[in-house]
Amino acid sequence: MEQVDEATVAGLYRKYATDLAAVIEQQRAFLADHRQVTPQLDDIEAEITYLLLREYRPATVMELGTFHGWSTTWLLSALRDNGTGRLHSFDKIDNVERNVPAELSAGRWSLVRGDMRTGLSQVPTEVGHLFVDADHGRRFARWYLEHLFPLMPAGIPVSVHDVFHGRRVRVWSEGAEVVAWLRERDVRPFSASRSHSPATFRALNRVRDELGLTGARGTGANPMIFFTLP
Ligand SMILES: C[S@@+](CC[C@H](N)C(=O)[O-])C[C@H]1O[C@@H](n2cnc3c(N)ncnc32)[C@H](O)[C@@H]1O
């Protein structure tokens, strides 16, 4: 896959607008029905995640970090709408099992509970999309760059959350490690962060306004980065 860019994402918004609008409504209702769920992904980054899965139709998706299931339900919604694909989630806790609706999980979801650092043997083969939103410390990032990324096929879409909360990546953070690792490989990640990439943030919001998409939560920080694995 080519590196993701603003024009590609804007095109995906237009291409999948109707389905995306339905998932936004579904996710709003999910939150209203599950008051115990603390959602983490902001609107645009959740929507881009959905759009990339729709466009590239991975057979196997890996999610590291489910928490209460907000990202899990977005990922599963894309696989449901594709009519194909399985999600393999990993987390130290299993709260997510109480929250993910059966109509989304049935036949397409499994959760491995435990520290990822002891769970590498359970990583599926031929992952087609990797989603990372777990421990945001630099040690954990160094661990997964060294041990998990080499298990992933080159050329797959990867997203890492909590990188650009501000204009720059925080020092001593997971994000700093990942951005440095990418820079060494000449990869500039895509971001729709309000602080780091304000022009892209505004451009995508114009597309969303034009399409009448108001977001499932109404949040706008979007610190996630997206890149094609070198
Ligand atoms: C920020 S939350 C994930 C939020 C979720 N993606 C969402 O959209 O709501 C981080 C999660 O990573 C999990 N986690 C942290 N370190 C981990 C590790 N070493 N192995 C597995 N899971 C881990 C935590 O238990 C927590 O549920």
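**Reading helix packing and a sheet**

Me: Which two helices have axes that come within 10 Å, and at roughly what angle do they cross?

Reply: Two packed helices are described by the angle between their axes and the distance between the axes. Here the axes of helix α1 (residues 6-15) and helix α9 (residues 198-211) come within 10 Å and cross at roughly 15 degrees, where axes are lines fitted to C-alpha atoms, for helices over the stretch in contact, and angles run from 0 to 180 degrees between N-to-C directions. Helices (H or I, at least four residues) and strands (E, at least two) are DSSP runs, numbered from the N terminus. The two helices, α1 and α9, are therefore roughly parallel to each other (angles under 35 degrees count as such). This is a predicted model, in which local features need pLDDT of at least 70, side-chain atom pairs count only at pLDDT 80 or more, and totals for chains, interfaces and linings use all residues. Residues are numbered from 1 along each chain as its sequence is written.

Me: What is the order of the strands in the open sheet?

Reply: Two strands pair if DSSP finds at least two bridges between them. The open sheet has seven strands in the order β3-β2-β1-β4-β5-β7-β6, with mixed pairing. Because β3 (109-113) and β6 (190-191) stand at the edges, each with a single partner strand, one side of each is left without a neighbour in the sheet.

Me: How many bridges join β1 to β2, and which residue stands opposite Val-61?

Reply: Strand β1 (residues 60-64) is joined to β2 by five bridges, and the two run parallel; Val-61 stands opposite Leu-87 in β2.

Technical notes
Angles under 35 degrees count as roughly parallel, over 145 as roughly antiparallel, 65 to 115 as roughly perpendicular and the rest as oblique.
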